[in-house]
Structure formats: C-alpha cells, structure tokens
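Q: I'd like a close look at one part of this model, please. Take me through the packing there and then out into its surroundings.

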Amino acid sequence: MASDMTLLWGSGSPPCWRVMIVLEEKGLQGYNQKLLSFEKGEHKSECVMKMNPRGQLPAFKIKDYVLNESCAACFFLECQYQCQGSKLTPECPAEKARMLQRIFEANNLGQKMGDVIYYNWKVPEDERHDSAVKRNKDALREELKLWENYLQKGNFMAGKSFTLADVVVFPLVAYGFRNGLCQERYSNLARYYNELKARPSIKTTWPPTWIDTCPGETLKDI
C-alpha cells in the first residue's frame with residue numbers, strides 16, 4: 001500500500017520526523033525512502049529539487065501528489081487513511097479545536113528555537129550583536145513557558161489522546177532537549193518528552209544521527 005509513496009528526509013529534522021511518525025501510526029511501512037545529509041548539501045541535490053524546488057526536506061510524494069510541507073503531508077495522510085491505524089484527530093470539538101491551535105502555533109516554537117540554535121550559522125560574524133542573542137534567548141524562554149503551561153493538566157497536547165498536535169510538536173520538543181534544554185527547568189515538557197519517546201512510532205523513527213553522537217548544549221542556559 002505504501003509502495004507508491006516516496007520520502008526524501010534528513011536525520012534530526014523535526015519536519016521530516018513528523019511525516020515518518022504519521023506513516024508509522026498509520027501502518028504505512030514499506031514506502032520508498034532515502035536518507036540525505038544536510039552537512040553534505042544533499043538537500044539541494046537534483047532528486048530533491050525535482051520534488052521540492054525550495055531545496056528543503058522533507059520531499060514527499062504519494063502517487064502524483066507532492067506534499068513538501070510537513071503539516072500538509074500529515075493532514076493528508078490522516079484524511080486519506082483515517083480508518084487505518086491510529087486515529088490522530090479527536091472527535092471532541094474542544095479537543096479538535098485545541099489540536100488545530102497547537103499545530104498552527106507550533107511554528108512559533110520552531111522559529112524561536114532556531115533563532116537561538118542557528119544564530120552564529122545564519123548571521124555573519126561582523127553583524128552579530130550580544131543584544132540580539134539576548135533578545136532571541138528571552139523570546140525563546142517566554143515561548144517555552146507557554147508550552148510548559150499547556151501541559152500542566154495533561155499528557156498530550158490536545159487532550160486525552162495522541163493526536164496530530166503531538167505529531168507536530170513532539171519533534172520540536174525533542175530537538176530542544178537534544179540541544180541542551182534543561183529538563184529540570186521545564187519539568188512538564190520533560191515529562192511529555194520522556195513519556196512519548198517510548199511510543200512505538202517515535203522510537204522506530206528516532207533520528208539515527210542522534211543515537212551515536214553527543215547532544216548539543218546551545219540551549220542549556222535557556
């Protein structure tokens with residue numbers, strides 16, 4: 001059933017990981033896949049550019065349908081295979097609304113995390129300023145407080161069960177802890193991370209480059 005699907009992906013990329021988690025949740029193993037290296041610039045290779053002219057990963061294709069935005073791919077898979085595998089959209093209107101809210105606001109977390117982690121990589125040395133570093137870190141702290149608060153009353157992002165909101169948000173939370181985020185300081189996020197990382201769909205798709213390499217420390221003082 002998944003033989004008509006192709007996924008080009010990069011290890012450790014939250015957007016790529018989202019698609020892989022949904023494929024596992026839906027029992028869609030056996031899809032065509034190729035692991036590419038960001039470090040080697042393979043995300044700009046011809047095979048990627050043909051599917052995704054932006055030169056970004058994931059590049060995902062089902063039959064003749066191309067879905068390169070990870071959330072679009074996740075929504076499509078959930079809708080197309082809603083009666084197969086895990087149901088990732090709640091029936092309860094309140095939980096569904098919360099799920100959509102968390103999905104669409106997750107970009108704020110990813111963006112603010114990236115502003116800190118990749119500052120030195122994105123900004124030329126002669127344009128870097130301590131004030132900008134502080135501003136980025138303060139913005140991330142405030143963002144993390146929101147997500148920490150969202151988990152005060154539950155184990156999942158939208159309610160009582162694992163939904164597309166968790167598919168979208170968990171890889172970002174994992175990426176934060178991978179880059180040194182303090183588990184003691186963000187105890188609700190840490191609980192969420194430690195409980196969900198044992199979920200079969202997440203464990204099976206765990207980034208291979210994280211297994212044998214040391215985590216970073218960029219976020220240790222956040």
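At what angle do the axes of helix α7 and helix α8 cross, and within what distance do they come?

A: Happy to walk you through this, keeping in mind that the model is predicted. Helix α7 spans residues 164-178 and helix α8 spans residues 187-196; their axes cross at roughly 110° and come within 10 Å. A crossing angle from 65 to 115 degrees counts as roughly perpendicular, and α7 and α8 are therefore roughly perpendicular to each other. On the α7 side, the contact is made by Asp 166, Val 169, Phe 170, Val 173, Ala 174 and Phe 177. Helix α8 contributes Leu 189, Ala 190, Tyr 192, Tyr 193 and Leu 196. Sorted by class, this contact holds 10 nonpolar residues and one charged residue, with no polar ones.

The largest nonpolar core has 64 residues, and α7 supplies the largest share of it, 11 residues. Met 5, Leu 23, Phe 60 and Leu 77 are the residues with the most contacts inside this core. If you pick out Met 5 and leave aside its neighbours within four places in sequence, you find it in contact with Leu 23, Phe 60 and Leu 77, and also with Leu 28, Tyr 31, Asn 32, Lys 61, Ile 62 and Tyr 81.

Leu 77 leads us on to helix α3 (residues 70-80), where it is buried along with Ser 70, Ala 73, Cys 74 and Glu 78. As background, an α-helix has 3.6 residues a turn, so residues three or four places apart point the same way. Helix α7 comes back into the picture here: what covers the buried residues of α3 includes α7 together with β1 (5-10), α1 (14-25) and β3 (59-62).

Finally, look at the loop between α6 (130-150) and α7, where Thr 163 is found. Thr 163 has a relative accessible area of 1%, and anything under 20% counts as buried, so this residue is buried. Beyond its neighbours within four places in sequence, Thr 163 is in contact with Leu 88, Pro 90, Met 99 and Ala 158.

Pro 58 sits in the loop between α2 (46-51) and β3, and the peptide bond from Leu 57 to Pro 58 is cis, with omega near 10°. Lys 63 lies in the loop between β3 and β4 (65-66) and has a positive phi, near 55°.

How values were computed. Residues numbered from 1 in each chain as written. Predicted model: local features only at pLDDT ≥ 70, side-chain atom pairs only at ≥ 80, totals over all residues. Heavy atoms only, no water. Axes fitted to C-alpha atoms, helices over the stretch in contact; angles between N-to-C directions. Helix = DSSP H or I, 4+ residues; strand = E, 2+ residues; numbered from the N terminus. Parallel < 35°, antiparallel > 145°, perpendicular 65-115°, else oblique. Contact = heavy atoms within 4.5 Å. Nonpolar A, V, L, I, M, F, W, Y, C, P; charged D, E, K, R; others polar. Buried < 20%, exposed > 50% of the residue type's maximum accessible area, 1.4 Å probe, protein only. Core = buried A, V, L, I, M, F, W, Y, C linked by side-chain atoms within 4.5 Å.
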